[in-house]
Amino acid sequence: MDPNKVNEASGKMSGDGDMASVMGFSGFGKKARTFDLDAIFEQTRRTAIERSQHVLEERHKDSQMEEEGESSKSVKPSVHRDKAAAATRKQESESSSDSDSDSASDSDSELIGPPLPPQFTAKDDDDDNECLRLPRRPGHADSTASSDEDEEEEAQDEDDDDNPVKKIPDTHEITLQHGTKTVSALGLDPSGARLVTGGYDYDVRFWDFAGMDQALQAFRSLQPCECHQIKSLQYSMTGDVILVVSGNAQAKVLDRDGFNVMECIKGDQYIVDMANTKGHTAMLNSGCWHPKIKEEFMTCSNDGTVRTWDLNSEKKHKSVFKPRSFQGKKVIPTCCTYSRDGKLIAAGCQDGTIQIWDRNLSVHTKFHCRQAHIPGSDTSCLSFSYDGMTLASRGGDDTLKMWDIRNFRKPVNVATGLTNYFAMTDCCFSPDDKLLVTGTSVKKDEGNGKLVFFDRASFQRGYEIEVTNASVIRCLWHPKLNQIMVGTGNGLAKVYYDPVKSHRGAKLCVVKSQRKEKQAETLTQDYIITPHALPMFREARQRSTRKQLEKDRLDPKKSHKPEPPVSGPGRGGRVAAHGGTLSSFIVKNIALDKTDDSNPREAILRHAKEASDNPYWVAPAYTVTQPEPVFAEESEEDEEADKEPEWKKRKI
């Protein structure tokens, strides 16, 4: 051995001893372990072979014990054998490590720093023993508590699924300001991207959820029917056109951007039989699209007819349905709708009846309820459920009724006390067909309009939403967005949604920050194009709006802020403006000036005495040179000029 290395080792050991005696630990760090990969792989292979042999032996013995009926006694020996095998594997792994790893483990076992208290050392020994314990069975005590909690959570989730009220998306809302008058029509396209609103102010506004920001401004507003109130708006099944039903006799069809596509023809009002006219002759009440055929739509009117139309032939209606009373007289339909499959056409009439026809047979009704609502009240809405078997009717008699069309003699359920002041108050079914929704009306300053939810099965009033201090007229529950649109009597369109349960729609626009307005744009002037002007008068064409704005900003004249009007006595050479009231105007022009200046000579001589007594302007300047004023004497030329005829006098 090298004597130098021995001396270094002995010095190191003595140094470690001094450090341990002074500071309480023997070193500053652990030594790096060295591993023999071949030995580790070989040990792993042997362990796998032994374990598979043990498993095969246990299975063989268990099968023998089951045949003898003593399989229950073989559980404990197998556990002991597993423990013994684990102990032997542990001993083999310890013995297979080389001398370097032994030294490393010795260095690991050495305590660094002060010694641990005895309770911790005992706990460490217990932890080492726990490594050999078998895992608990799934049905043991610890797992039972967690399984009970899981079962409770599952049961609670099932209760939420069974309770349709929990699915109402009403945690958040946005408000779209349509105007100041009643929002009487709502329409949402099938994809849920665009909303269209119409009201008593004749306006139709288009709202794009993906294009709006937090300002919530409509991207287009127009008056398609001039001075007629909008009664109904609805997108077609493909979402490419919109049906507009207003207070005139002609329905219109617009495209997605508001341009006119079709206008129905007006009928001849002097023909008695309405089936012989080509169109409606009186005010429209309602209209809707066919749910399956994208070119067909339907309208009903005060002329006592329900007509279907084809989008491709605007010169004539497609078919006519004429509601009749019990005596066979004409009655006015106030609302109409298609069934979900498009095979039935239903109309609610002013005499309280609900009449349903087969779409292909327009003569006799297929279902007819003569006392659905009180005669003389306007049935405001009819709505079929998604399964097509149930019809809901919202009456002007403050009721909401649900009908089974297979037994149409009497309603299945009736809800009363739902005030209705409008002829277009809606009712609709929820997307899962378990709830029925309608709105209530209120008079001005007499409470809040509500959105009321009824359970379809029990018809109990399950939930209410107080919308605003005006009537709730239109309501729409979109199945794809899972959002509720509401039109109110004070010009608002509200959208209710839930960030978790709802999709897209209002969620797209509330996350966008409001865009700032560019103030510099107000300085730009319209560019006047004069192609035939001379070169010296021709203006240079603007290449870029931004560059022109920057130039205008640097120009002191164009960017000068106008002076505000002077208030008070006036300053800086500017005279203050007089009051803007009628009394100040009268005082300024009449009350303070009562003189008649029709004769200028008399008006001047009126101040002659005051000027001679108290000279102020001219006389003090001539006191030295001309104390006595000398006036010019009249000459003969002036007298001759006065005697000349008028046509010879010089014209000034």
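Contact is taken here to mean heavy atoms within 4.5 Å. The structure is a predicted model, in which local features need pLDDT of at least 70 and side-chain atom pairs count only at pLDDT 80 or more, while totals for chains, interfaces and linings use all residues. Residues are numbered from 1 along each chain as its sequence is written, and side-chain values use heavy atoms, with hydrogens and water left out.

The protein chain contains twelve helices and 28 strands, assigned as DSSP runs (helices: H or I, at least four residues; strands: E, at least two) and numbered from the N terminus. Of its 652 residues, 33% are buried, where buried denotes under 20% relative accessible area, exposed over 50% and partly exposed in between (1.4 Å probe, protein chains only). Among contacts with a separation of 6 or more, 48% join residues 24 or more positions apart.

The mean pLDDT, the predictor's confidence in each residue on a scale from 0 to 100, is 77 for the protein chain, and 71% of the residues reach 70 or more. In the stretch 90-111 the pLDDT is below 50, and the model shows 14 contacts for this stretch beyond near neighbours in sequence. Residues 119-146 likewise have pLDDT below 50, with eight contacts beyond near neighbours in sequence.

Nonpolar cores were defined as sets of buried Ala, Val, Leu, Ile, Met, Phe, Trp, Tyr and Cys residues joined through side-chain atoms within 4.5 Å. The largest such core has 17 residues, and those with the most contacts inside it are Ile174, Leu176, Leu195, Phe209, Met212, Met485 and Val495. Two or more residues are contributed to this core by each of strand 1 (172-177), strand 2 (183-188), strand 28 (492-497) and helix 7 (506-509). Leu195, when residues up to four places away in sequence are not counted, touches Leu176, Leu186, Gly187, Leu188, Arg205, Phe206, Trp207 and Phe209. Another core, of 14 residues, lies apart from the largest one and includes Ile168, Phe453, Ile465 and Tyr496.

Two buried loop residues were examined individually. Arg456, located in the loop between strand 24 (449-455) and strand 25 (461-468), counts as buried because its relative accessibility is 17%. The side chain of Arg456 reaches the backbone oxygen of Asp433 at 3.2 Å, and Asp433 is also among the residues that Arg456 touches beyond four places in sequence, including Ser385, Asp387, Met402 and Phe429. Thr281 occupies the loop between strand 9 (260-263) and strand 10 (284-289) and is buried, with a relative accessible area of 16%. Apart from neighbours within four places in sequence, the contacts of Thr281 are with Ala249, Gly267, Asp268, Gln269, Met274 and Asp303.

Methods:
Polar contact = N/O pair within 3.5 Å; in protein donor to acceptor, adjacent residues only side chain to side chain.
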